[in-house]
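Visitor: Could you walk me through this protein, one question at a time?
Guide: Gladly; here it is.

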Amino acid sequence: MTGGLWWDDVVARADDWEEEERPRRRIADDLGYPDWVDMVTARARQHPEDARRVCWGCVHDRGLKRFVRWAAVARTCDFCGRRSPVDFAAPLYELARFVEGCLRADYDQPENVLFYDAESDTGWAGDVWDNRELLEDTVWADERVVEALIGSFDTDLQWCEGEPALFMPEDHLRVSWETFCDYVKHTSRFMFMRPDEAGRRLADEQDSTLVRSTEMLDLFGETIEASSLIQTLSVRIKLFRARPVENGDWHETADTLGPPPKSDTGPPASRMSPAGIPILYGAFDETTALAEVMTRTGQASLGVFSPLRPLKVLDLRADRPVPAPTIFENASALARGLPGFVEAFRDEIARPVTRDGREHIDYVPSQIVTEYIRRVYRTAAGDRLDGVLYPSTKNPTGVCVALFATRADIAASVGARARRDAFLRFRPRSPRRLRVRLGRDGRVRGVNAV
Ligand SMILES: [Zn+2]
């Protein structure tokens, strides 16, 4: 068995790359719930009928709760003893069949999959689990329910991964992303999107279903909205922008505190944009804005920009959990891999980078992704994104923001004709002259007005 429709689709396409018309990857499964349950239970065995009923309060996994509600036929639970005025408990043997069917998306019997290996403890060349091990690992429910399920499965049934050569759905996207990062850092930086690019099979990975470099960005785009990673910033926010000051040369205008000009000497390479392409970095608080730009104790200018309209941003703050569907939910293998994927690109984008020359390599994946969301990506409603929020690496509670702004996007910017669709304004009375003291760990220890 494989991991559902999406998985089959990928495997099929891995053998058929040349085909022009390729279906879009799907985050959500197209099947309605009853059809999906039918499909799932059809691949499980019958379980011995058992008079016991289990209520949805006795199972904790969201997918199991939903199934129990859906299959409920009784108003008394034989596990917790509770009663309900409406049907809220399902037959245990139906739950067992559903659980088995779901598990068969990813797991199989070793005799179908693994080679025999007389040398190994289990007799099989690969990891093997018994019912207890598999069910205790995957089913989140009251202990008594787990025990009853174990009793309902054959006692000597053994399990292993259904596709030992492939990554499990939870890991598939994360590994694809990590392979992509490695690829654009060390193999192909500018040509990776061409379908005829030789590296489309993403290096030496055994798993040919890994997402190809050519598809990675579209997949990225498709996942960010599905993962609720797009946020709207109100016009009331303050975006603090800091710049170190050398030789008493204070920065106090929209031009000196705003996005750097296009020029052959700058702007330098940064986390979100390669050298030469302007972007505006800031933070939602003063300390973070200062911590991000200061490398040693010294003077800094600080000023404030505000949006002229609500801004749509990709939100990579770590405090926003990505919903993680379990194996018991009607979600595609792709959706199950999302949390790991989002975590991995969050890590890649927010990782502290030492400015020792290697940053030109380490920043490449986040620069590519940023350029994609800046130039190509549109939300389902057709909107462009205005920037990216990400956790500060210099101030643990701080949030950084990179806005896709050039000088032309700042209203009333001196020396540049602001476009009518400018989306930021500089607050002319905001600039402050500061002396910033850094601790040995690079954290801001003190800020004084100069
Ligand atoms: Zn119960």
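Visitor: What share of the 450 residues of the protein counts as buried?
Guide: First, a word on sources: this is a predicted model, in which local features need pLDDT of at least 70, side-chain atom pairs count only at pLDDT 80 or more, and totals for chains, interfaces and linings use all residues. Residues are numbered from 1 along each chain as its sequence is written. A residue is buried if 20 or more other C-beta atoms lie within 10 Å of its own, exposed if 12 or fewer, and partly exposed in between, with C-beta atoms placed from the backbone. By that count, the buried share is 39%.

Visitor: How many helices and strands does the protein have?
Guide: Both are DSSP runs numbered from the N terminus: helices are H or I with at least four residues, strands are E with at least two. The secondary structure comes to 14 helices and 16 strands.

Visitor: What length should helix 8 span, and what is the distance between its end C-alpha atoms?
Guide: The expected span is 1.5 Å times one less than the number of residues. Helix 8 has 18 residues, so it should span 26 Å, and its end C-alpha atoms agree with that at 26 Å.

Visitor: Which helices do the buried residues of helix 8 pack against?
Guide: The buried residues of helix 8 include His172, Trp177, Phe180 and Tyr183. Contact here means that two C-beta atoms, placed from the backbone, lie within 7 Å. The partners are helix 9, helix 12 and helix 14.

Visitor: And what covers the buried residues of helix 14?
Guide: Helix 14 takes in residues 364-375 and reaches 16 Å from its first C-alpha to its last, close to the 16 Å expected. Pro365, Ile368, Val369 and Ile373 are among its buried residues. The cover includes helix 8, helix 9, strand 10, helix 12 and strand 11.

Visitor: Which residue stands opposite Val399 in strand 12?
Guide: Strands pair if DSSP finds at least two bridges between them. Strand 12 (residues 399-403) is joined to strand 8 by four bridges, running antiparallel, and Gly282 stands opposite Val401. Strand 11 also pairs with strand 12 in the antiparallel sense, over five bridges. Opposite Val399 stands Pro391.

Visitor: At what angle do the axes of helix 6 and helix 7 cross?
Guide: Axes are lines fitted to C-alpha atoms, for helices over the stretch in contact, and angles run from 0 to 180 degrees between N-to-C directions. The axes of helix 6 (residues 131-138) and helix 7 (residues 143-152) come within 10 Å. The contact is made by Asn131, Arg132, Leu135 and Glu136 of helix 6 with Val146, Leu149 and Ile150 of helix 7. The crossing angle is roughly 145°.

Visitor: Is Pro244 buried or partly exposed?
Guide: Pro244 is found in strand 7, and beyond four places in sequence, Pro244 is in contact with Val293, Met294, Gly298 and Ala300. The C-alpha atoms of Pro244 and Met294 are separated by 6.3 Å, although the two are 50 residues apart along the chain. Since Pro244 has 15 C-beta neighbours inside 10 Å, Pro244 counts as partly exposed.
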